[in-house]
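Welcome, and please load the model in your viewer. We will go from stop to stop, selecting a few residues each time.

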Amino acid sequence: MSDRKDIEVLIVEDDLRIAEIQKRFIEQLEGFQTVGIAASYIEAKSYMELLQPDLILLDVYFPDMNGLDILKEAKQQPNQMDVIMITAAKEIDKVQEAIRIGVFDYIIKPVIFDRFKNTLIRYREYHTKLVELRKDQLLVTQEQVDALLRKDIDSYSSDKSLLPKGIDPLTLVKVLEVLKLVTNGVTAEFVAKEMGVSRTTARRYLEHLIAEEKIAADLAYGTVGRPERVYMVK
């Protein structure tokens, strides 16, 4: 990242203690720079116009505004800014509206550093690919669009520090690919046979994906024996 310009981040948060925590989180990640902290609508709008940051970390609740309005304005700027919502707002209508407007991610407070780090690393990869594409060409191929949108899989293979001990990023990507081949779900035994690994290993990776909320699981009741856990992509 040393040969590239840092991603400029604007924090829009009226609780300055939380804003400072976010700033310290950013300082621990390579390739990012906090360019300002806005605690009100007037400050947020002014900083957006003057600084034109690449990325905004945005709350929903403010005394003088709804953060979703700032999200809309960020998307209407000539130089569109990406937004990650970091908020205590859990209402499904707010989450749905944020997704509809075009938020990059939605993190519910209190923020855990690993979750924050995961999101910003995914954003860094996305931003880097976008800059490179803009530099080299005006049109993109389907493969290049897929690479931009496959943020979850790309993040696994790019930063092993996001994964717990015993989970290899390339193996994890392969497990996800096997899961996507079967729409009605797979068992740990099926994954093990497809990948040539033990059933215990397959189950470890599948349960990791469950913990990360990347996939779902259900029980399948056969004619003989105990019910078996079936895994599927959400």
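**Before you start**

A salt bridge here is a side-chain nitrogen of Lys or Arg within 4 Å of a carboxyl oxygen of Asp or Glu. This is a predicted model, in which local features need pLDDT of at least 70 and side-chain atom pairs count only at pLDDT 80 or more, while totals for chains, interfaces and linings use all residues. Residues are numbered from 1 along each chain as its sequence is written, and side-chain values use heavy atoms, with hydrogens and water left out.

**The whole chain**

Start with a cartoon view, where you will find ten helices and nine strands. Both are DSSP runs numbered from the N terminus: helices are H or I with at least four residues, strands are E with at least two. Of the 234 residues in the chain, 43% are buried. Buried means under 20% relative accessible area, exposed over 50%, and partly exposed in between (1.4 Å probe, protein chains only). Among contacts (heavy atoms within 4.5 Å) with a separation of 6 or more, 58% are between residues 24 or more positions apart.

**Stop 1: the nonpolar cores**

Select Val12, Ile56, Leu58, Leu71, Val83 and Met85, the residues with the most contacts inside the largest nonpolar core, which has 23 residues. Such a core is a set of buried Ala, Val, Leu, Ile, Met, Phe, Trp, Tyr and Cys residues joined through side-chain atoms within 4.5 Å. Next, color β1 (7-12), α2 (41-51), β3 (55-58), α3 (67-76), β6 (82-87) and α4 (92-101), the elements that each give two or more residues to this core. Which element gives the most? It is α3, with four residues.

Zoom in on Val12. Leaving aside residues up to four places away in sequence, Val12 touches Ala38, Ala44, Ile56, Leu57, Leu58, Asp59, Phe62 and Met65. Then select Ile84, Ile86, Phe104 and Tyr126, which are included in a second, separate core of 21 residues.

**Stop 2: Thr87**

Select Thr87 in strand β6. Is Thr87 buried or exposed? Thr87 is buried, with a relative accessible area of 0%. Show its surroundings: apart from residues up to four places away in sequence, Thr87 touches Asp59, Val60, Tyr61, Tyr106, Ile107, Ile108 and Lys109. Now draw a distance from Thr87 to Glu13: the two are 74 residues apart along the chain, with their C-alpha atoms separated by 9.1 Å.

**Stop 3: salt bridges**

The whole structure holds 15 salt bridges. Return to Glu27 and Lys23, which both lie in helix α1 (residues 16-27), four residues apart, about one turn of the helix. Glu27 is exposed at 54% relative accessibility, whereas Lys23 is partly exposed at 25%.

Move on to Asp105 and Arg115, whose closest N and O atoms are 3.0 Å apart in a salt bridge. Asp105 sits in strand β7 (residues 105-108) and Arg115 in helix α5 (residues 113-136). Asp105 is buried at 11% relative accessibility, and Arg115 is partly exposed at 34%. For a linked set, select Lys5, Glu8 and Asp54, which form a network of salt bridges.

**Stop 4**

In helix α9 (residues 188-195), pick the buried residues Ala188, Val191 and Ala192. They lie on the same side of α9, because they cover an arc of only 100° around the axis; the arc is that of the directions from the helix axis to the C-beta atoms. The buried residues of α9 pack against α8 (169-181), α10 and β9 (228-233). After α9 comes Gly196, with a positive phi near 75°.

Finish on helix α10 (residues 199-211), where Ala202, Tyr205, Leu206, His208 and Leu209 are buried. Look down the axis of α10: its buried residues fall within an arc of 155°, so they line one face of the helix. The face turned away from that buried side carries the exposed residues Thr200 and Ala211. Just after α10, select Glu213, which takes a positive phi of about 60°.
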